[in-house]
Protein chains: 2
Amino acid sequence: MSAPLFETVTIIGIGHIGSSLARVIRRDGLAGRLLVLDSQPEHRAQALELGLADLATDDMAAAVAPADLVVLATPVGSYAALAAAMAPHLKAGAIVTDVGSVKMAVVRDVGPVLPETVHLVPGHPIAGTEHSGPKAGFAELFQGRWCILTPPPGTDRAAIDKVRAMWQAAGSMIEEMEPAHHDRVLAITSHLPHLIAYTIVGTATDLEGDLQQEVIKFSASGFRDFTRIAASDPVMWRDIFLNNKEAVLDVLQRFTEDLTALQRAIRWGEGDTLQALFTRTRAIRRSIIDARQA
Amino acid sequence: MSAPLFETVTIIGIGHIGSSLARVIRRDGLAGRLLVLDSQPEHRAQALELGLADLATDDMAAAVAPADLVVLATPVGSYAALAAAMAPHLKAGAIVTDVGSVKMAVVRDVGPVLPETVHLVPGHPIAGTEHSGPKAGFAELFQGRWCILTPPPGTDRAAIDKVRAMWQAAGSMIEEMEPAHHDRVLAITSHLPHLIAYTIVGTATDLEGDLQQEVIKFSASGFRDFTRIAASDPVMWRDIFLNNKEAVLDVLQRFTEDLTALQRAIRWGEGDTLQALFTRTRAIRRSIIDARQA
């Protein structure tokens with residue numbers, strides 16, 4: 001039997017994504033030892049119950065001192081404090097990666113805090129469901145999905161390749177990208193859709209009581225899809241918006257302009273304008289089907 | 001063998017919904033004869049090929065003169081002209097229904113044109129996919145879904161009950177409602193979500209070429225769900241927005257106010273505001289799961 005990819009892996013935050021990755025690591029024997037740091041006692045207990053950790057602790061030194069790879073899998077807003085706390089305990093040559101949905105903030109908050117002997121390879125597996133917590137994880141979550149890595153210029157190639165190898169084992173397709181570019185692409189493909197879904201579901205919760213009941217009853221007509229998106233983890237999404245402010249505000253501005261133009265077309269009965277847009281958007285769906293992402 | 005529910009049924013427009021209903025009528029023997037009127041020769045040919053019509057024609061008199069039930073299944077904007085064309089040929093006691101996503105416009109456009117001896121029972125099966133055309137139909141489309149009927153006050157009860165019986169056979173749950181109330185509920189559950197999905201996908205199509213390619217590539221992160229909605233039939237949706245203008249503009253205004261408030265919270269880094277909303281919207285999802293509409 002060949003040696004595992006990493007002697008010791010430590011996952012910080014054993015939620016939906018962290019526990020899914022732990023399952024992959026266990027399934028494929030990617031780590032000799034798998035340690036978990038989590039501030040919530042019930043998450044630690046579940047990680048042990050599910051067999052996802054050899055040790056589950058809230059002691060940073062115990063968790064990261066032996067680690068060859070540390071995976072940050074908590075909401076992005078917690079990264080700066082966690083990085084500062086782990087920095088003194090990391091061994092030379094250790095790799096730190098993450099699974100966050102924004103990447104410029106990782107380079108900004110985590111990079112400067114880590115010792116120079118540690119390799120930072122920020123990552124973003126584009127996968128997830130609206131469910132949260134260690135029990136919601138599953139090893140197949142990343143299968144056939146993209147994982148974007150945004151290593152800063154000059155990052156050790158061997159370190160990048162070990163992180164790549166982990167995501168390849170998870171079944172992901174891997175792309176390397178500038179963090180700023182990542183944040184701009186994700187602002188439109190993920191952050192804006194989530195913001196809009198949260199908004200429309202919020203608008204519905206403000207309706208008068210009987211109307212709100214009927215919105216739930218007749219949700220199958222389109223609204224339901226938005227509620228699924230708007231059931232995603234609140235803290236995780238708060239942190240994404242706070243940490244990708246510029247790109248989100250930019251695409252939001254474009255969206256609002258386009259929506260205002262449509263609103264005007266409806267008000268003035270400009271059917272041709274509506275039909276032309278609705279025809280154009282069909283083509284995008286076909287492109288996605290062709291790209292096998294549907 | 002008991003007599004069919006209707007001697008002769010005529011479906012006007014054998015698209016996704018019309019052909020799905022035709023499949024139900026055939027499967028359950030709800031009609032002695034099933035006639036189809038469609039302006040597109042290839043739709044008529046497909047209706048005959050698929051065994052969904054005893055006669056497929058573009059001659060209004062031939063299509064509706066023998067009908068005990070006429071089902072309008074074309075985009076809502078075509079109803080006024082179709083109703084005027086069919087009125088002289090309808091027999092006394094015939095029932096006219098429809099499957100359109102707006103209901104006040106049906107009462108307004110179709111009601112006054114029909115002879116007094118004909119019963120108008122407007123209907124809206126809340127079902128559909130993003131696909132179009134006779135081949136996209138299937139008999140199970142309406143199974144477990146709501147169908148809303150909005151008969152004007154004083155409509156013959158026996159006529160309403162026959163339309164109800166047809167949708168019950170299709171597996172639908174049936175609700176009777178005022179047309180204005182229907183249009184308001186659907187504006188939020190269906191029309192606004194579609195408008196927003198069309199807008200965001202349109203915003204993405206305006207991006208620079210390479211960014212647009214990446215939006216397609218990384219669509220799995222939320223955007224994909226919107227593209228499915230935004231691939232719905234362009235003419236059908238144009239007509240829905242033009243015919244439910246007031247209710248759509250009203251909910252759109254509420255939505256825009258809420259989105260502007262969120263935009264401000266992101267700009268000023270008000271994490272608590274974001275988290276509070278994102279927590280509230282999770283509860284709505286749970287209500288939908290409890291209502292078994294998820």
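Biologist: In strand 4 (residues 69-72) of chain A, which residues point one way and which the other?

Modeller: This is a predicted model. A:Leu69 and A:Val71 point one way from strand 4 of chain A, while A:Val70 and A:Leu72 point the other way. All of them are buried.

Biologist: Which strands are joined to strand 4 of chain A, and by how many bridges?

Modeller: Take the two neighbours in turn. Strand 1 (residues 6-12) of chain A runs parallel to strand 4 of chain A, and 4 bridges join the two. Here A:Val9 stands opposite A:Leu69, and A:Ile12 has A:Leu72 as its bridge partner. Strand 5 (residues 95-98) of chain A is also joined to strand 4 of chain A by 4 bridges, and these two run parallel as well. In that pairing, the bridge partner of A:Val70 is A:Val96 in strand 5.

Biologist: What is the order of the strands in the open sheet of 6 strands?

Modeller: In chain A the order is 3-2-1-4-5-6, and the pairing is parallel. Strand 3 (55-57) and strand 6 (119-121) of chain A each have a single partner strand, so they stand at the edges and one side of each lacks a neighbour in the sheet. From one strand to the next, the twist averages 20°.

Biologist: How should I read the open sheet of 3 strands?

Modeller: The order is 7-8-9 in chain A, with mixed pairing. Strand 7 (123-125) and strand 9 (173-176) of chain A are the edge strands, each pairing on one side only. The twist averages 20° from one strand to the next. Strand 8 (residues 146-149) and strand 9 of chain A pair in the parallel sense over 4 bridges. Within strand 9 of chain A, A:Glu176 is the bridge partner of A:Leu149.

Biologist: Which helix lies across strand 7, strand 8 and strand 9 of chain A?

Modeller: That is helix 6 (residues 157-169) of chain A, which runs at about 170° to strand 8 of chain A.

Biologist: What describes two packed helices?

Modeller: Two packed helices are described by the angle between their axes and by the distance between the axes. The case here is helix 7 (residues 179-205) of chain A against helix 7 (residues 179-205) of chain B: the angle is about 160° and the axes are 11 Å apart. Because of that angle, helix 7 of chain A is roughly antiparallel to helix 7 of chain B. Their crossing is right-handed.

Biologist: Which residues meet where helix 7 of chain A contacts helix 7 of chain B?

Modeller: From chain A, helix 7 brings A:Ile188, A:Leu192, A:Pro193, A:Ile196, A:Ile200 and A:Ala204. They meet B:Ile188, B:Leu192, B:Pro193, B:Ile196, B:Ile200 and B:Ala204 in helix 7 of chain B. Sorted by class, this contact has 12 nonpolar, no polar and no charged residues.

Biologist: How many residues does the contact take from chain B and from chain A?

Modeller: The contact takes 75 residues from chain A and 75 residues from chain B. On the side of chain B that touches chain A, at least two residues each come from helix 7, helix 8 (209-217), helix 9 (223-229), helix 10 (234-243), helix 11 (245-267) and helix 12 (271-290) of chain B. Helix 7 of chain B gives the largest share of that side, 18 residues. By class, the side of chain B that touches chain A has 42 nonpolar, 19 polar and 14 charged residues.

Methods. Residues numbered from 1 in each chain as written. Chains lettered and ligands numbered in written order. Predicted model: local features only at pLDDT ≥ 70, side-chain atom pairs only at ≥ 80, totals over all residues. Axes fitted to C-alpha atoms, helices over the stretch in contact; angles between N-to-C directions. Parallel < 35°, antiparallel > 145°, perpendicular 65-115°, else oblique. Left-handed = near helix turned anticlockwise from the far one by under 90°. Contact = placed C-beta atoms within 7 Å. Nonpolar A, V, L, I, M, F, W, Y, C, P; charged D, E, K, R; others polar. Buried ≥ 20, exposed ≤ 12 C-beta atoms within 10 Å, placed from the backbone. Pairing = 2+ DSSP bridges.
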